[in-house]
Amino acid sequence: MTDMAQSAGWLIDNIWMVPVYPLIATVLIILGRGLNLYKIKELSMSLTVLSTFCGLIHALFALQWMFGQGEHVVPIEQNYVWLSAGAIQLSMGYLLDSMSVMMLFVVTFVSLLIQIYTHGYMKHDAGYSKFYAYLALFNFSMLGLVLSTNLFQIYVFWELVGVSSYLLIGFWFTRPSAAKAAVKAFMMNRVGDFGFLVGILTLVYFTVIDGGNWWQQHLAANPDQAFLSFRALGDAAPYIMENVGPLIFAIMALLIFMGPMAKSAQLPLHTWLPDAMEGPTPISALIHAATMVAAGVYLVGRTYPIFMESSSAMVIVAVLGTATALVAATIAVTQVDIKKALAYSTMSQLGYMVAAMGVGAFSAGLFHLFTHAFFKAMLFLCSGSVIHACEDEQDMRKMGGLMKKLPVTGWTYLAGTVAISGLAYTSGFWSKDEILVGAHDYSQIIYYVLLFTAGLTSFYMFRTYFMTFLGKYRGEAHVHHEDPVMVTPLAILAIPSLFIGALLSGIVFPGWPAFSQYIAYHVPGVEHAAHHFDAFSGIPLTSTIVALIGLFAAFFMYGPMRVIDPDMFRRLLAPLYNLSINKWYFDDIYDNFVENYCMVSAKVSSWFDRTVIDGLVNGTALMVMSGGSGMRQLQSGKVQVYLGALFFSVFILSLAFIYWLR
Amino acid sequence: MDLSIFNIGLTHFIVLATILFSIGLLGIMTSRNVIRVLMCLELMMNAVNINFVAFNNYLNPEILSGHVFAIFILTVSAAEAAVGLAIIIALYRQKRTVDVDEFNLLKL
């Protein structure tokens with residue numbers, strides 16, 4: 001027992017190793033590329049899987065550590081100074097609290113299964129080892145992001161996940177569409193990251209330069225925290241608010257929110273996410289559904305004290321989240337590409353999470369992040385299994401009736417669909433309804449929009465299910481059988497997808513730890529009035545009914561019987577249909593904007609650069625050159641002239657010397 | 001040796017050194033032959049030597065540092081003359097002349 005406790009303690013103390021394992025795996029795979037040993041493809045897979053597995057063990061012990069502490073988890077924070085310049089002392093470290101433990105568990109668990117699945121999916125791809133190197137690189141960045149102690153460190157890892165995402169979206173870079181999608185994702189994220197960086201710098205400005213160095217006193221009182229520490233934000237936010245007033249403060253909060261806006265695909269920086277589906281499907285599952293896109297929500301959670309301080313920023317966050325949920329759901333309704341439909345569904349669910357953060361339902365938002373990671377990863381993996389079986393066909397119109405050929409995939413997809421629709425006490429039910437309860441307390445409009453979105457969610461998800469798995473097969477490709485390497489992770493993921501919500505809800509199993517107990521935002525000094533979530537009250541009932549309406553609508557329109565012809569609605573609601581099929585014209589507006597404004601200004605600045613800036617540079621060079629050729633005339637090469645000049649100048653200098661020393 | 005009966009002081013030595021130095025300088029500036037340039041250089045060096053010895057006697061005659069310096073300079077200038085002559089011979093083999101104005105390799 002003591003041995004056990006000792007080793008558990010060791011694993012907790014060395015939690016920083018969790019991101020280091022995948023980093024080692026990446027380096028080994030990349031450096032060992034030329035070795036003969038690596039002709040065995042599985043070696044890179046084993047290295048990556050092993051690194052993630054070690055991380056998972058750490059995460060499990062961290063969970064045990066957290067549950068062992070009861071409701072008030074005392075966070076472990078360790079910082080190491082990286083570089084310091086005056087008042088600004090940047091540090092790296094690790095922060096272990098309930099939020100990071102939860103994310104550690106999700107990331108390691110989901111990526112472990114996805115890495116195993118990848119073996120089946122990418123077996124015949126030429127870039128097998130490279131893919132695993134990138135996967136491990138992503139894991140390193142994501143786990144580093146999760147364990148970050150301060151805003152600066154999270155920004156570093158934030159960019160690193162962006163790079164990994166870029167590399168993986170453009171993995172099949174010989175396809176022009178994939179290369180374009182990768183660049184688009186990168187650019188869109190740059191826009192958000194820029195805002196994020198400016199937000200951080202604003203915060204630094206108001207705490208360091210403007211009105212005395214606030215950190216000095218704070219860090220003296222809290223030696224375990226570092227400059228820009230998340231745990232210090234609770235004290236920093238009121239201080240800044242007091243100094244700068246609500247307007248500037250709200251702007252600062254929204255600048256920080258621009259990071260999540262791009263990374264979590266919120267309006268209006270969302271257009272990269274559907275395009276990112278050009279990457280291999282395991283990537284869509286891991287990065288663009290379960291983990292990286294959720295990092296935005298995680299960051300909002302980490303910087304929550306800032307948002308709590310400014311109610312106007314919270315309103316904007318809530319409204320943006322809700323709008324994203326609705327817009328994405330309406331687009332998903334008309335998608336025929338199975339991955340695109342799932343991508344818009346992800347965007348919509350992220351909208352839910354952000355809206356939850358905005359309305360103050362902190363733990364509900366993170367709970368939805370938690371449950372969503374499982375079922376959305378599983379849904380994407382199912383779609384990958386389908387695409388793989390149908391010889392790279394992604395169009396749902398050319399699928400149908402796949403239930404017989406792909407039974408495990410079909411059943412797990414159904415489980416995921418039920419979970420995301422929030423039916424029958426599955427995971428999605430608990431988390432989504434908690435968000436709805438929070439929204440109901442905050443604003444009726446947001447509540448009704450989210451409720452409507454829940455209905456749409458159920459409709460489009462069951463639509464994809466019916467189109468893909470039921471009815472008659474409509475494609476030409478020969479359908480292969482399922483690969484056991486690919487369906488085993490699906491079956492494993494189905495369990496948390498269905499049950500983890502109920503397990504951690506705190507209602508079904510009263511003795512079991514509840515998610516909202518551990519992950520909640522406590523306002524210091526104020527007794528936390530928890531949302532009393534009653535599973536049998538009006539709101540969950542309403543949302544279930546709405547979800548059932550969506551299910552039946554999908555069944556009648558796309559089910560095996562086809563009672564209602566979808567074309568009728570298409571004609572009837574032509575304007576809405578056009579809006580949806582054209583993705584609310586976001587891409588067209590952006591293209592137009594780039595074409596008409598960005599390109600013009602780019603051309604002007606290019607001209608300015610080539611004529612004015614280059615002119616200045618070349619002018620300087622020309623001046624030096626002409627000066628040099630002028631001076632060259634003095635260099636006659638005759639020794640006696642030099643000597644004469646030497647003695648003449650010595651003579652003059654000594655005269656001057658004598659004159660001054662006289 | 002007592003030179004006081006001739007009433008020769010520091011000034012005389014300095015004047016002598018200056019004359020020697022100026023002759024050397026003029027020689028260097030005007031001659032075209034490298035050998036002569038080298039000889040004039042030696043002349044200037046000896047002017048310096050005279051200065052050293054004279055000032056040593058004038059300032060603190062007990063210590064012979066100026067004399068030692070003069071001897072060092074003589075030695076070094078002997079070595080230097082050897083090297084200089086060797087260079088001149090090498091140059092002569094290249095250019096078939098000892099005219100200073102022809103040695104303008106430093107000029108581009």
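This is a predicted model: local features need pLDDT of at least 70, side-chain atom pairs count only at pLDDT 80 or more; totals for chains, interfaces and linings use all residues.
Me: What makes residues of chain B and chain A count as in contact?
Reply: The test is heavy atoms within 4.5 Å. By that test, 13 residues of chain B touch 9 residues of chain A.

Me: How do you know how much area is buried between chain B and chain A?
Reply: The value is the accessible area lost when the two parts are put together, summed over both. For chain B and chain A that comes to about 930 Å². Carbon and sulfur atoms give 67% of this area.

Me: Which elements of chain B make up the side that touches chain A?
Reply: Two elements give two or more residues each: α1 (10-30) and α2 (34-59) of chain B. The largest share, 5 residues, comes from α1(B). By class, that side of chain B has 8 nonpolar, 3 polar and 2 charged residues.

Me: Why is one space called a pocket and another a cavity?
Reply: A pocket is an open set of points, whereas in a cavity the 1.4 Å probe fits but cannot get out. The largest pocket holds about 1,000 Å³ of space. The largest cavity has a volume of about 50 Å³.

Me: What lines the largest pocket?
Reply: It has 37 lining residues, and the closest to its centre are V333(A), T334(A), F459(A), M557(A) and Y558(A). α20(A) gives the most to this lining, with 7 residues. By class, the lining has 22 nonpolar, 8 polar and 7 charged residues.

Me: How many cavities of 30 Å³ or more does the rule count?
Reply: The count comes to 3.

Me: What makes H270(A) a lining residue of the largest cavity?
Reply: A lining residue has an atom within 4 Å of a point. H270(A) is listed in the lining of the largest cavity, so H270(A) passes that test. Others there include K340(A), Y344(A) and D587(A). The lining divides into 3 nonpolar, 2 polar and 4 charged residues.

Conventions: Residues are numbered from 1 along each chain as its sequence is written. Chains are lettered from A and ligands numbered from 1 in the order in which they are written. Side-chain values use heavy atoms; hydrogens and water are left out. Buried area is the accessible area (1.4 Å probe) that two parts lose on being put together, summed over both. Helices (H or I, at least four residues) and strands (E, at least two) are DSSP runs, numbered from the N terminus. Ala, Val, Leu, Ile, Met, Phe, Trp, Tyr, Cys and Pro count as nonpolar, Asp, Glu, Lys and Arg as charged, and the others, Gly among them, as polar. On a 1 Å grid over the protein atoms alone, a cavity is a set of points where a 1.4 Å probe fits but cannot get out, and a pocket is an open set with protein on both sides within 12 Å along at least five of seven lines; lining residues have an atom within 4 Å of a point. Grid points are joined across faces, edges and corners, and a volume is the space filled by probe spheres set on the points.
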